[in-house]
Amino acid sequence: MESLGVLLTLPMNPYLEAELHRRCHLFRLWESPPARRKDFLRANAPSIRAVVGNAAVGADPETIDALPRLEIVASYSVGLDKVDLARCRERGIRVTYTPDVLTDDAADLAIGLSIATLRRLCEADRYVRAGSWKAKGDYKLTSRFSGKTVGILGLGRIGLSVAKRAEAFGCPICYHSRTKKPNVNYKYFPSVLELAGNCDVLIVACSLTEETRHIINHEVIKTLGPKGVLVNIGRGPHVDEPELISALVEGRLGAAALDVYEHEPDIPEELFRLENVVLTPHVGSATWETRKAMADLVLGNLEAHVLNKPLLTPFL
Amino acid sequence: MSAENPAAETPAVERERLPPVLLLRPLSFPFHDALATKFRLLKPWESPLPRDEFLAAHAGDARALLSFGPSPTIDAEILACLPNLELVVAFSTGVNHIDVAECRRRGIAVTNAGNAFTEDVADYAVALLIDVLRQISAADRYVRRGLWPINGDYPLGHKLGGKRVGIVGLGSIGSAVAKRLEAFGCTIQYHSRSRKPSISYKFFSDVANLAAESDVLVITCALNTETHHIINKEVMLALGKDGVIINVGRGALVDEKELVKCLMEEEIGGAGLDVFENEPAVPQELFHVDNVVLSHHKAVFTPESFQGVLEVVMGNLEAFFSDRPLLSPISE
């Protein structure tokens with residue numbers, strides 16, 4: 001696919017970048033300073049037929065409009081909230097993503113974060129590293145995870161994987177989704193508020209759309225309550241972040257684990273001072289094994305497109 | 001009897017009729033009050049007599065002894081002061097601080113926490129493993145130091161699914177760990193004193209062989225003379241450069257000096273440790289590396305586990321004093 005001009009939005013994976021450089025005609029968006037970006041796109045638009053973006057920088061309206069020859073957006077992510085799907089649909093631009101290969105990692109992280117939060121694991125690690133462990137039996141009680149009711153917001157691939165893992169800990173599972181899923185034995189709640197009122201740990205695993213922006217709002221947080229735990233492995237904008245922070249500070253919400261934030265990589269510093277949060281820098285799919293699989297899927301989709309074969313993982 | 005302070009309101013005469021139980025050190029809340037409603041607790045430290053004299057004076061009464069915490073060790077010397085002792089009730093799963101052989105010789109039964117701690121310890125072991133592989137604590141430190149906007153994304157971790165997990169000691173805790181990790185797509189195999197016929201996981205009679213074919217070792221066996229330093233240099237080298245060790249058993253199951261050396265020299269990939277050889281001392285080299293997760297022996301510290309072990313302790317004592325079978329006698 002040497003003739004395929006590919007715009008890579010960020011240095012997201014050295015292997016992916018090297019392969020794109022070797023096999024395609026690669027344009028690196030970050031090599032032009034932000035002020036000169038429009039010129040960069042205009043100058044190279046005749047050659048660019050593909051965009052490879054990720055959860056941070058995808059294919060926004062300005063980018064798509066600047067690329068009249070764009071045929072395919074191959075996202076290095078499963079979330080497509082940074083891709084203007086409406087515009088792609090209008091223009092007949094194909095969109096691919098990376099489902100399935102990252103499902104396990106995301107679900108593993110959700111459970112790891114849940115237990116780490118309830119059992120204050122990171123706090124323990126900080127305590128020991130600070131040299132504070134001076135006497136045996138120096139402890140406080142933390143909450144058991146096994147048997148707690150886990151509420152899943154969004155019972156898609158990742159949500160189902162989270163459920164399967166939580167079941168092994170004897171956790172009753174309930175969920176809220178746009179629609180009730182047939183063939184699923186878990187208790188369905190028709191609203192996120194009812195879900196929050198009926199679970200101990202609420203895990204956000206749905207996609208980010210206009211409907212789900214700030215779906216975790218003041219009411220939901222209040223309903224989850226002073227013993228409740230929120231785990232967000234979806235997208236930062238799922239949660240009203242300032243609301244969340246004040247609830248955590250004031251004890252209206254028990255604890256939270258966040259892998260995503262409204263304005264990554266900038267995180268409100270009040271979170272850094274809290275003991276009842278666990279903070280990870282968007283690492284849901286961040287393993288060697290999975291990132292390689294994601295890169296191969298992007299490359300495979302581009303190749304299929306160029307060869308006029310069925311795309312491997314099309315969304316549009 | 002008032003619910004808030006039952007022990008204080010039990011008339012002295014009724015307290016005298018409660019079965020006596022010997023303690024060797026104070027019990028913390030909530031255990032003391034609950035036990036004091038059903039038993040007359042003998043407390044040597046509240047007496048002006050030195051402990052040996054107190055024990056001699058109360059030897060007749062002392063049929064049951066509560067062992068709370070790893071000290072004092074219940075050794076042959078103490079047992080010799082208690083000729084009427086028939087039962088030692090431990091609050092822990094591990095009984096390495098009790099001279100079990102001497103108890104057996106003297107016909108003294110020993111009970112432990114039974115299954116009270118199984119779930120919490122298994123949960124903690126899984127959390128430690130996910131933390132080490134996915135670098136949760138290390139990444140949390142990175143974020144709190146404000147490094148994400150400055151240094152960019154955190155380095156990649158390792159996938160848990162598909163990992164071969166070797167459980168060292170497939171008792172109730174080891175089995176609970178296995179059941180959980182199967183749901184994450186791990187392959188389970190194990191070493192135990194003997195093969196368990198009803199178990200389908202692959203059995204290894206030799207720990208080093210288990211390590212050679214595993215990506216992760218989870219240590220959930222009892223500490224005794226055979227298992228001291230069962231995780232030694234040979235086992236660690238067999239586990240290899242990407243291998244991870246999770247220890248929720250006892251510190252002395254692992255040759256700690258060797259573990260630190262292997263971690264520093266990158267002969268193994270990482271470790272999650274809730275226990276250490278000389279608690280509360282932790283090798284300080286470990287404070288500066290990101291591929292270990294450290295915890296201060298707190299895997300059982302949940303309200304649920306505390307309630308559970310209290311029920312087991314009470315149940316064992318009540319069974320003993322009414323000549324019924326004990327709930328959780330240790331197996332040999």
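Before I start, one definition: axes are lines fitted to C-alpha atoms, for helices over the stretch in contact, and angles run from 0 to 180 degrees between N-to-C directions. Contact here means heavy atoms within 4.5 Å. Helices (H or I, at least four residues) and strands (E, at least two) are DSSP runs, numbered from the N terminus.

This is a predicted model, in which local features need pLDDT of at least 70 and side-chain atom pairs count only at pLDDT 80 or more, while totals for chains, interfaces and linings use all residues. Residues are numbered from 1 along each chain as its sequence is written, chains are lettered from A and ligands numbered from 1 in the order in which they are written, and side-chain values use heavy atoms, with hydrogens and water left out.

I begin with chain B. Helix 10 (residues 172-182) of chain B lies across strand 6 (164-168), strand 7 (187-191) and strand 9 of chain B. Relative to strand 6 of chain B, helix 10 of chain B runs at about 170 degrees.

Those strands belong to an open sheet of seven in chain B, ordered 8-7-6-9-10-11-12, with parallel pairing. Two strands pair if DSSP finds at least two bridges between them. Strand 8 (202-203) and strand 12 (292-294) of chain B are at the edges with a single partner strand each, so one side of each has no neighbour in the sheet. Inside the sheet, strand 9 (residues 216-219) and strand 10 (residues 244-247) of chain B pair in the parallel sense over four bridges. B:Ile219 has B:Asn247 in strand 10 of chain B as its bridge partner.

Now the interface. In chain A, 62 residues are in contact with 58 residues of chain B. The buried area between chain A and chain B (accessible area, 1.4 Å probe, that two parts lose on being put together, summed over both) is about 5,400 Å², and carbon and sulfur atoms give 61% of that. A:Arg129, A:Trp133 and A:Arg144 supply 16% of the area that chain A buries against chain B, more than any other three residues.

Next, salt bridges: a side-chain nitrogen of Lys or Arg within 4 Å of a carboxyl oxygen of Asp or Glu. How many salt bridges does the structure hold over all chains? The count is 40, and the rule finds nine across the interface of chain A and chain B. A:Arg144 forms a salt bridge with B:Glu119 through their side chains (3.0 Å, N to O).

Within chain A, the side chains of A:Arg23 and A:Glu19 also meet in a salt bridge (3.3 Å, N to O). These two residues are four apart in helix 1 (residues 14-23) of chain A, so about one helical turn separates A:Arg23 from A:Glu19.
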